[in-house]
Amino acid sequence: MLAIFNKGLVEPPQELNSPASVKVSVKPKVPEETLKDFQSCHSTNAFLISLGDAALLSYIPPCPPYSTQHRFFCGLDDIYCIFLGTLNNLCSLIRQYGLSKGTNEAMFVIEAYRTLRDRGPYPADQVLKDMDGSFGFVLFDSKAGTVFAALGADEGVKMYWGIGGDGWLVISDNLEVIKASCAKSFAPFPTGCMFHSEGGLRSFEHPMNKMKAMPRIDSEGVMCGANFKVDDYSRIHSMPRVGSEANWAVWGGPHV
């Protein structure tokens, strides 16, 4: 999975950007180069969606189809989602949201997003906590210009994010592609967390706590993009809810 977003749409945490990226010999790559690297690893079955100058999404179907490494892609009403992993309670979530029996995990995430965006009574952290399983996903609402990503707390799925050439945000489950694309400005996507392009990074496991950046030094002694963890001593005073009259940005919560 690979998702690349224009810096005009997304403002990732500043601590993800390493000053070493401008000093090392290997510089961050522009989106076209990153996409080429990713597709060279999967030349026979890579699927690409280019959404103007806003985003690039590339998806690799599981091979063979019955592989336990589940990956799903769905596009609906200009909303696109790449989902990695499995929801153990998908059937009950389908019933809860009144969806058809053939709904897969990527379809469910889009429907949950639309429900919360338009009329949802719950905060997003509760929706994500209700998702039982190993999962990670990236969603892009091309009409609204909204990016939303989340990673489950059980570490069964891994994702990485970083800042590539021209300041574009890069998210992938392929660590080598992230390293090549972002130089030193990358880090593991934090587990149990969600990121919204307007609301920033927040833990859905501990939604009343702020996040803090932890400096990260690689084996060469070079400062890399920061890790993020829950700050046990810093609290959010109130929990925003998402409803028909609320701004969708509050799903992401406050910036770190």
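Residues are numbered from 1 along each chain as its sequence is written, and side-chain values use heavy atoms, with hydrogens and water left out. Because the model is predicted, local features need pLDDT of at least 70 and side-chain atom pairs count only at pLDDT 80 or more, whereas totals for chains, interfaces and linings use all residues. Helices (DSSP runs of H or I, at least four residues) and strands (runs of E, at least two) are numbered from the N terminus.

**Aromatic rings**

- The structure contains twelve aromatic pairs. Rings of Phe, Tyr and Trp (its six-membered ring) pair if their centres lie within 6.5 Å; planes under 30 degrees apart count as stacked, over 60 as edge-to-face and the rest as tilted.
- One of these pairs joins Trp 161 and Phe 195 edge-to-face, with 5.4 Å from centre to centre and 70° between the planes. Trp 161 belongs to strand β8 (residues 160-163) and Phe 195 to strand β11 (residues 193-196), so the pair ties together parts that are 34 residues apart in sequence.
- Trp 161 is buried, at 0% relative accessibility, and Phe 195 is buried with a relative accessible area of 0%. Buried means under 20% relative accessible area, exposed means over 50%, and partly exposed lies in between (1.4 Å probe, protein chains only).
- A cluster linked by ring pairs consists of Phe 83, Phe 135, Phe 137, Phe 148 and Phe 204.
- Arg 216 places its charged end over the ring of Phe 186, 4.9 Å from the ring centre. For this description, NZ of Lys or CZ of Arg must be within 6 Å of the ring centre and within 35 degrees of the ring normal.

**Salt bridges**

- Side chains of opposite charge can pair when their charged atoms come close. A salt bridge is counted when a side-chain nitrogen of Lys or Arg is within 4 Å of a carboxyl oxygen of Asp or Glu, and the count comes to eleven.
- Asp 141 and Arg 117 form a salt bridge whose closest N and O atoms are 2.9 Å apart. This pair links distant parts of the chain, 24 residues apart: Asp 141 is in strand β6 (residues 133-141) and Arg 117 in helix α3 (residues 105-119). Asp 141 is buried at 2% relative accessibility, whereas Arg 117 is partly exposed at 25%.
- Asp 125 and Lys 129 meet in a salt bridge of 3.9 Å, N to O. They are separated by about one helical turn because they stand four residues apart in helix α4 (residues 124-129). Asp 125 is buried at 4%, while Lys 129 is partly exposed at 35%.
- Lys 179 and Glu 176 form a salt bridge, with their closest N and O atoms 4.0 Å apart. Both lie in helix α5 (residues 175-182), three residues apart. Lys 179 is partly exposed at 35%, and Glu 176 is exposed at 53%.
- A network of salt bridges links Asp 77, Glu 111 and Arg 114.

**Helix α1**

- Pro 31, Thr 34, Leu 35 and Phe 38 are buried in helix α1 (residues 31-41). Viewed down the axis of α1, its buried residues fall within an arc of 100°, so they line one face of the helix. The arc is that of the directions from the helix axis to the C-beta atoms.
- Exposed residues Glu 32, Lys 36 and Ser 40 are carried on the face of α1 turned away from its buried side.
- The elements covering the buried residues of α1 include β1 (2-5), β2 (47-51), β3 (55-59), β9 (169-172) and α5.

Notes
Contact = heavy atoms within 4.5 Å.
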